[in-house]
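This report describes a predicted model. The text begins with the surroundings of the ligand and then turns to the chain and one of its helices.

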Amino acid sequence: MNAVAAMPALKPPAPLAVQELSLSFGGIHVLQKISVLFKPGEITGLIGPNGAGKTSFFNCLTGLYSPQVGSIRLGELALEGVPPTGRAALGFSRSFQHVALCPELSVVENVAIGLHRQSRAGWLEAFLPLAQGRAERAANRELAVAALARLGIAQVADESPSQLPPGVLRLAEIARAIAGQPRVLLLDEPAAGLNSVETHDLSNALKKLRSPELVLVVVEHDMDLIMEVCDSIHVLNVGTLLASGTPAQIRGNAEVVRVYLGDEDE
Ligand SMILES: Nc1ncnc2c1ncn2[C@@H]1O[C@H](COP(=O)(O)OP(=O)(O)O)[C@@H](O)[C@H]1O
Ligand SMILES: [Mg+2]
C-alpha cells in the first residue's frame, strides 16, 4: 500500500518529525542536519535571516524539494517518495511568501481553488456547468465561506481581490490554505507587506487557528507577532539549526540575538 492509500490509518493528532535533514544544490549546502519535532496543538515559529533556508525547509516538507539525507514523518508515516500532491492529500497545506490570489476570481472562488483540486469531479469540471460539478461547487463554496468566516472576513467572499487591502488578502490566502482542513499548515512570512494594524489582526487570526489536531508552522520576520503567537521557536542560520526554545528562551539566547534578533532592534 502506498503512503496516500494508507492515509485512513493516520489518526490525528500526528506530530511532524524531521530527522537529520540535509539539502544541497550543486554543492551549496542549503540545510544541514536539521532535526525538529513539530507538535500538533502548538504554533511553532521558524525564524532566521534571509537566505537561512526557511522557505527551502518548507519546500522539503511539502515535497517540492527532495533532501539528499534525512527523514520526514507525519505520525507513523514516512514521507520519503511521497510527491507534493500526495502530501497535499495527507493534509499538508501552505501559504506563500508573496500573495498569489487570482484577480479574475472572487475571494471565495480563490479560496475554493484548493478544494476543487481534491474534489471528485476534478478541478476542470468544477468550473463547467455539469451536474456533478455544480453540486461540488456549492459544497466547496460552503467550505470556502466557512474558512473565510474562521478568519473573520466572510463579508468579502464575493468581492474581487483587486478591491481589497493587503491585510485582508493575506487572510484570504490563509483561508485558502485552511479550507481543506489541513493537519499541517505552513505559513511563509504571512505578515510581509502588512502594516501594524493588519499584523495585529493577523496575529489574532493565527491564535484562533491553534487546534489540537493541527501542526502549524509560521516563518516570519515580525518578532512581535512570532513572540506573541508561538509556543516554541526554532532559529535557522545559514542552513543550520542555531537554537530551539520558548519565546522567552529565544529572546534570551545571546547567539540568536547576535546573528538575528540584534538587527531587529536597530
Ligand atoms: N532551487 C534552488 N536552487 C539553488 N539554490 C536554492 C534553491 N532554493 C533555494 N536556494 C538557496 O538556498 C538558500 C536559502 O534560501 P531560502 O530557503 O529561500 O531562504 P529563506 O527563506 O530563509 O530566506 C539561498 O542561498 C538560496 O539561494
Ligand atoms: Mg523565504
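## Surroundings of the ligand

In this predicted model, the shell around ligand 1 is formed by Phe25, Val30, Gly48, Asn50, Gly51, Ala52, Gly53, Lys54, Thr55 and Ser56. Helix α1, which spans residues 54–62, supplies the largest share of the shell, namely three residues.

## The chain

The chain contains 10 helices and 10 strands, and buried residues make up 40% of its 266 residues.

## Helix α7

Helix α7 covers residues 196–209, and its 14 residues, at 1.5 Å a residue, should span 20 Å, which agrees with the 20 Å that separates its end C-alpha atoms.

The buried residues of α7 are Thr199, Leu202, Ala205 and Leu206. Viewed down the axis of the helix, the buried residues of α7 fall within an arc of 120°, and therefore they line one face. As a general rule, an α-helix has 3.6 residues a turn, so residues three or four places apart point the same way.

## Two sides of the helix

The buried residues of α7 pack against strands β3 (43–47) and β8 (215–219), and also against helices α6 (166–178) and α8 (223–229). On the face of α7 turned away from this buried side are the exposed residues Ser196, Val197, Lys207 and Lys208.

Methods
Residues numbered from 1 in each chain as written. Chains lettered and ligands numbered in written order. Predicted model: local features only at pLDDT ≥ 70, side-chain atom pairs only at ≥ 80, totals over all residues. Helix = DSSP H or I, 4+ residues; strand = E, 2+ residues; numbered from the N terminus. Expected span 1.5 Å × (residues − 1). Buried ≥ 20, exposed ≤ 12 C-beta atoms within 10 Å, placed from the backbone. Arc of directions from axis to C-beta. Contact = placed C-beta atoms within 7 Å. Near = placed C-beta within 6 Å.
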